[in-house]
Amino acid sequence: MAVLSEEQTMLRDMAREWTKKASPLTAVRKIRASGDPRGFDPATFAAMAEMGWAGIIIPEAFGGSDFGWLSLGLVLEETGKTITASPLAASALAAAALVLGDSEMQKAAWLPRLASADAIGTLAIDEGPCHAPQAIATTATRTGTGWSISGTKAFVHEAHGANLLIVAAQDGEGVALFAVPADAAGVTLSTRKLTDSRSHAQLTLADIALAGDARIGGAAVCDAVLDRARIIAAAEMLGMAEHSFQITLDYLKQRVQFGQILATFQALQHRMAALYTQIELLRS
């Protein structure tokens, strides 16, 4: 397990207190009931940005704190405990694509806006019901002035609130990532209704005209971004698992059956011990 610095411990504790007070489980239920296609409360995300969370992995030169992925994971672990609805993870991954890429123009254009939450980014990678980045059919064709992108992306998270789409496409040399403004001509969204009531959409790209510097990296950058995406998803799920474990443990300590508190049954103790071990492995 990683040893946290004093600053990281303070960040984790601040995130823990904030989520309990400002973003409890009732908040996501309220958003779900509102029917807002963005699937999050902009005021809540603005508060997160004010605390610097939107710029945690963005270099200081672009307005971020460059506090690292472990620090972002600590925040997302805490927001996962209350299922906080926000585009923090998706936008951080879009920022990561820019940071890891080689388009200085796109970095300058987008990273300061992502760091301040003036803009929101997301990934548009998969094209089917299963995560399969190797099965990308979207194409990026060179034109006289840049690129033309066409294709379809399925289940694009945070699509309705995004200003920047990081799109994976075949460019003739393999898979590459492109920075696509969400309001570009030829971009259309079809809402998908999922059980989490968050923003998901099918994204259609019809001959999207982009400048030459819109290509931000090749297959190596795409792989690196997806590695970070898997780790960030794990951090959120760790928070969910911890919360589920804790409320179950609290219940076992209170519920009486056959004249005994459930926590005194050895079979249940063994199951909880096994679950605790799995959670600690996930944390590592």
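Predicted model: local features only at pLDDT ≥ 70, side-chain atom pairs only at ≥ 80, totals over all residues.
## Aromatic pairs

A pair of aromatic rings is described by the distance of the centres and the angle of the planes. A search of the whole structure turns up four aromatic pairs, and one of them is formed by Phe 40 and Phe 45, whose ring centres are 6.2 Å apart and whose planes meet at 75 degrees. Because planes over 60 degrees apart count as edge-to-face, the pair of Phe 40 and Phe 45 is given that name. Phe 40 is buried, with a relative accessible area of 5%, and Phe 45 is likewise buried, with a value of 4%.

Another pair joins Trp 147 and Phe 178, with ring centres 5.1 Å apart and planes at 70 degrees, so this pair too is edge-to-face.

## A charge over a ring

Arg 192 lies over the face of Phe 155, at 4.4 Å from the ring centre.

## Two packed helices

Two packed helices are described by the angle between their axes and the distance between the axes. Helix 4 (residues 69–81) and helix 5 (residues 88–100) pack at an angle of about 165 degrees, and their axes are 11 Å apart. Since angles over 145 degrees count as roughly antiparallel, helix 4 is roughly antiparallel to helix 5.

The crossing of helix 4 past helix 5 is left-handed. On the side of helix 4, the contact is made by Trp 69, Leu 72, Val 75 and Leu 76, while helix 5 contributes Leu 88, Ala 89, Ala 92, Leu 93 and Ala 96.

## Positive phi in two loops

Most residues other than glycine have a negative phi. Asp 66, however, has a phi near 50 degrees, which is a positive value in a residue other than glycine. Asp 66 is found in the loop between helix 3 (42–50) and helix 4, where its relative accessible area of 48% makes it partly exposed.

Phe 258 also has a positive phi, near 55 degrees, and it too is a residue other than glycine. Its place is the loop between strand 9 (256–257) and strand 10 (260–261). With a relative accessible area of 72%, Phe 258 is exposed, because exposed means over 50%.

Definitions and conventions: Residues numbered from 1 in each chain as written. Heavy atoms only, no water. Phe/Tyr/Trp six-rings, centres within 6.5 Å; stacked < 30°, edge-to-face > 60°. Buried < 20%, exposed > 50% of the residue type's maximum accessible area, 1.4 Å probe, protein only. Lys NZ or Arg CZ within 6 Å of the ring centre and 35° of its normal. Axes fitted to C-alpha atoms, helices over the stretch in contact; angles between N-to-C directions. Helix = DSSP H or I, 4+ residues; strand = E, 2+ residues; numbered from the N terminus. Parallel < 35°, antiparallel > 145°, perpendicular 65-115°, else oblique. Left-handed = near helix turned anticlockwise from the far one by under 90°. Contact = heavy atoms within 4.5 Å.
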